[in-house]
Amino acid sequence: MHRFFIKEEQIGQDEIWIRGGDVNHIKNVLRMKTGDKVFLSCENDLEYECSLEEFSEDEIRARILDIHGMETELKTELVLYQGLPKGDKMEWIIQKAVELGAARIVPVRMKRCVVRLDEKKAEKKVRRWNAIAQSAAKQARRGVIPQVSEVVDFQTAVKDAEGLDMLLVPYEEARGMEESRKILRQGKKKASIGIMIGPEGGFDREEIELAKEAGGDIITLGKRILRTETAGMTVLSILMFLLEE
C-alpha cells in the first residue's frame, strides 16, 4: 500500500483528513478511488491503516481501519553531518541516508569545501533537499520524514553533536581497524549517534582536533580512500546492520 505523512491535527476520532500536495498525487497521479487503502504515518510514531472514503477539491477523508506502532524506525537516532560536496551529490547523499535510517541530516560548511553557498542559495537548496528527504521516506516506508537542517559551519555542527551519545568521524589518516570495529560495535548501546563526514578535500587537521575535543571517535573505514558520498553511506550501513532488530 502507498504511504503518506500527516500532522496530528489532521486526525479525528475515527477518520483522517489528507490535505496538501498528497491530494493531487492520490487523485491524479495514482488515480486512487473510494475504498482504496493507504498507510498514513504521523509524527506521534503511529501508523494508521486507512480506507479512502470521500474525495473533494482540496482534501480526502480517510476512515481509520487499524492503528500500528511504527516498526520501520531504528531505536537509535542517527545524525549525518555532511561536509558540502560539489554538484548535485548532496541530493544523492540525502536520498540514500534516508533509506539507511538517518533521522536527521546536517549540511556543514568546512574549510576544504569547494562549493560556497550564499544565504539565498542555501535556503533554496535546503527546501529542495527536504523535498528529496520526504520522497525518499515514502519510498523507504519510513515512519518519519528525516529533517535536513539549514547549512551550518563546522563549529556549530560540532556543538550540536556534543548533545549526542556518540560522534563517529571517519578519517583517511586514521589507523587501527580493530579499534574502529570495537568503537562501531559500542554504538549498539547508544541512543543517538552522529556521523561526521568531510567534503571531497577531506578534513582540515584543525577540524579533526575540534572533533576530538568534543568527544568524537576518529575511526578508519579501511585501507581505501572513500569518496565523500560513499563514506557516510558506509557508516550508516554498518550501523543499520548492527542496530536493526
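Trainee: How many bridges join β4 to β5, and which way do the two run?
Mentor: 9 bridges join them, and the strands run antiparallel. Keep in mind that this is a predicted model.

Trainee: Which residue of β5 stands opposite Ser-51?
Mentor: Arg-63.

Trainee: What does Arg-63 form a salt bridge with?
Mentor: With Glu-53. The closest N and O atoms are 3.5 Å apart.

Trainee: Is Arg-63 buried, exposed or partly exposed?
Mentor: Partly exposed, at 39% relative accessibility. Glu-53 is also put down as partly exposed, at 25%.

Trainee: Back to the sheet. What is the strand order?
Mentor: β1-β3-β4-β5-β2. The sheet is open, has 5 strands and shows mixed pairing.

Trainee: Which strands are at the edges?
Mentor: β1 (2-6) and β2 (15-19). Each of these pairs on one side only.

Trainee: How far are neighbouring strands turned against each other?
Mentor: By 40° on average, ignoring direction.

Trainee: Which helix packs on that sheet?
Mentor: Helix α1, residues 21-29. It touches β1, β2, β4 and β5. The direction of α1 makes about 95° with that of β2.

Trainee: New topic. Is β6 enclosed or open?
Mentor: Largely enclosed by the rest of the structure, because 6 of its 7 residues are buried. The strand covers residues 77-83.

Trainee: How many bridges join β6 to β11?
Mentor: 6, and the two strands run parallel.

Trainee: How does the chain get from β6 to β7?
Mentor: Through helix α2, residues 89-99. This β-α-β crossover is right-handed.

Trainee: You mentioned Arg-104. Which side chain does it meet in a salt bridge?
Mentor: Asp-160, at 3.2 Å from N to O. Arg-104 is in strand β7 (residues 104-109) and Asp-160 in helix α4 (residues 154-161). The pair links distant parts of the chain, 56 residues apart.

Trainee: Is Arg-104 buried or exposed?
Mentor: Arg-104 counts as buried, because its relative accessibility is 17% and the limit for buried is under 20%. Asp-160 is partly exposed at 34%.

Trainee: How many salt bridges does the count come to?
Mentor: 18. Another one is Arg-205 with Glu-173, at 2.9 Å from N to O.

Trainee: Where do Arg-205 and Glu-173 sit?
Mentor: Arg-205 is in helix α6 (residues 205-213). Glu-173 is in the loop between β10 (166-170) and α5 (177-186). They are 32 residues apart, and the pair links distant parts of the chain. Arg-205 is partly exposed at 43% relative accessibility, and Glu-173 is partly exposed at 46%.

Trainee: Which residues do salt bridges with shared partners join into a network?
Mentor: Glu-15, Glu-54 and Arg-61.

Trainee: Now the rings. How many aromatic pairs are there?
Mentor: A search of the whole structure finds 2. In one, the ring centres of Phe-154 and Phe-203 are 6.5 Å apart with planes at 70°, so that pair is edge-to-face.

Trainee: Which parts of the chain does the Phe-154 and Phe-203 pair tie together?
Mentor: Helix α4, which holds Phe-154, and the loop between β11 (192-197) and α6, which holds Phe-203. These parts are 49 residues apart in sequence. Phe-154 is buried at 3% relative accessible area, and Phe-203 counts as buried at 3%.

Trainee: What about Tyr-171 and Phe-203, how far apart are the centres?
Mentor: 6.4 Å, with the planes at 70°, so this pair is edge-to-face. Tyr-171 lies in the loop between β10 and α5, so the pair ties that loop to the one between β11 and α6, 32 residues apart in sequence. Tyr-171 is buried, and so is Phe-203.

Trainee: Which residues do the ring pairs link into a cluster?
Mentor: Phe-154, Tyr-171 and Phe-203.

Note on methods
Residues numbered from 1 in each chain as written. Predicted model: local features only at pLDDT ≥ 70, side-chain atom pairs only at ≥ 80, totals over all residues. Heavy atoms only, no water. Salt bridge = Lys/Arg side-chain N within 4 Å of Asp/Glu carboxyl O. Buried < 20%, exposed > 50% of the residue type's maximum accessible area, 1.4 Å probe, protein only. Helix = DSSP H or I, 4+ residues; strand = E, 2+ residues; numbered from the N terminus. Phe/Tyr/Trp six-rings, centres within 6.5 Å; stacked < 30°, edge-to-face > 60°. Pairing = 2+ DSSP bridges. Axes fitted to C-alpha atoms, helices over the stretch in contact; angles between N-to-C directions. Contact = heavy atoms within 4.5 Å. Right-handed = clockwise from strand over helix to strand, strands pointing away.
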